[in-house]
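Good morning, and thank you for joining. I would like to speak today about covalent and charged side-chain contacts.

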Amino acid sequence: MKKIVFSLLIFIALFIIIIQFFQPPRNDQSITGDDFFMQYQEAPAYVIEILNKSCYDCHSDQTKYPWYSRVAPVSWLLNKHVIQGKEELSFSKWGSLTIRKKLSAFNEICEVITDESMPMSSYLKLHKDAVISDHDREMICKWIEAESEKLFLE
Amino acid sequence: MRKSILSVILIIAIPLWVFSQQQLQNPGFEEWEDAGTVRDEPVNWSSIKTSDNDTLNTPAPVVWDISDDAHSGNYSIKLFNVRIWGIMATGILTNGIVHPSFIPDSGYVYTVPEDVMVILEKSCFDCHTTESKKDKAKNKLNFSTWNELSKAKKVGKLNAICEEVENGDMPTEKYISYYPDSQLNDEQVSALCNWVDSEIENLMDSK
């Protein structure tokens with residue numbers, strides 16, 4: 001009996017060690033890129049701050065990886081979220097979007113933070129400072145609206 | 001022999017069917033709706049009286065009149081230009097919808113093609129209109145209050161309509177399970193997206 005438990009433990013330990021060799025690709029945050037949001041949109045400091053702490057981790061190549069992001073299987077889960085996030089909207093690709101796509105993205109940003117579907121609750125559990133306050137929400141939506149008008153008239 | 005006759009018939013019939021154009025409804029202005037009221041208009045025709053811009057429907061000048069000087073039937077339409085506040089309002093009646101504006105350059109006429117209207121009614125309006133009980137859907141997109149949106153917002157939302165439908169995110173799976181008819185096929189998706197494209201183009205041109 002003891003033997004079985006022992007070998008099972010060994011097996012689990014080996015398994016955990018082996019999966020560490022399968023590391024998903026990571027975003028390289030040293031490169032900002034020409035299409036990055038900030039190169040196109042002049043944003044006030046409070047907007048930049050919120051984007052930094054609540055959005056960029058999944059919606060850009062500027063991911064700030066926590067230590068546990070290197071540990072499989074957390075790394076896989078994290079990578080999946082980043083890929084999905086960037087697919088939906090990548091601030092690193094902002095410059096490559098057409099005006100209608102930018103307007104659409106702007107509109108959606110305000111929508112998802114207003115109905116609180118973003119930032120995701122699982123993300124907020126690990127990033128307490130990513131919570132967007134009601135006041136910030138309002139400020140962002142106001143800024144987005146003004147910026148959308150400008151974009152449209154461009 | 002019979003086969004060749006059939007194929008000849010098909011060769012003639014199919015192009016006739018494919019290239020046939022939909023006939024204009026009420027072409028002779030014989031049928032009228034809301035007759036005798038300020039909003040009277042020929043059935044299936046629209047003018048500024050019933051435009052999508054409520055604030056301008058009443059103050060806008062009348063630029064057409066019913067006439068009995070008809071080529072055939074009882075009625076015809078007389079169009080004329082009116083000068084108001086230094087701006088020339090042209091006589092216009094359309095089987096689309098008029099979007100008037102205080103800025104003359106920003107006015108335009110548009111149509112929601114029938115195939116698109118069918119899609120919107122069948123797959124979208126249940127949740128995305130004021131009558132809906134689904135607050136989340138309504139907050140995101142409400143066709144009933146569409147004209148209260150800024151042009152920039154309209155463009156953004158139109159683009160999202162096409163994207164959501166193209167990705168198969170809308171109508172939601174749950175809705176489709178209740179109303180299987182609401183599922184859109186590829187043809188309907190592209191009809192909707194084509195309409196979105198032309199609407200966005202109109203909006204961009206009118207800035």
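This is a predicted model: local features need pLDDT of at least 70, side-chain atom pairs count only at pLDDT 80 or more; totals for chains, interfaces and linings use all residues.

Residues are numbered from 1 along each chain as its sequence is written, chains are lettered from A and ligands numbered from 1 in the order in which they are written, and side-chain values use heavy atoms, with hydrogens and water left out.

A disulfide is taken here as a pair of cysteine sulfur atoms within 2.5 Å. How many disulfides does this rule give over all chains? The count is two.

In chain A, A:C110 is joined to A:C141, with an S to S distance of 2.2 Å. This pair links distant parts of the chain, 31 residues apart: A:C110 belongs to helix α5 (residues 99-114) and A:C141 to helix α7 (residues 134-153). Helices here are DSSP runs of H or I, at least four residues long, numbered from the N terminus. The torsion about the S-S bond is about 105 degrees, so this disulfide is right-handed. A:C110 is buried at 18% relative accessible area, and A:C141 is buried at 14%; buried means under 20%, exposed over 50%, and partly exposed in between, with a 1.4 Å probe and protein chains only.

In chain B, the disulfide joins B:C162 to B:C193, again with S to S 2.2 Å. Because B:C162 lies in helix α5 (residues 151-166) and B:C193 in helix α7 (residues 186-205), the pair ties together parts that are 31 residues apart in sequence.

A:C55 is buried, at 15%. B:C127 is likewise in no disulfide, the nearest cysteine sulfur, that of B:C124, being 9.2 Å away.

I turn to salt bridges, each a side-chain nitrogen of Lys or Arg within 4 Å of a carboxyl oxygen of Asp or Glu.

Finally, A:R137, which is buried at 13%, forms salt bridges with A:E116 at 3.6 Å and with A:D134 at 2.8 Å. A:E116 is exposed at 54%, and A:D134 is exposed at 55%.

Technical notes:
Helices (H or I, at least four residues) and strands (E, at least two) are DSSP runs, numbered from the N terminus.
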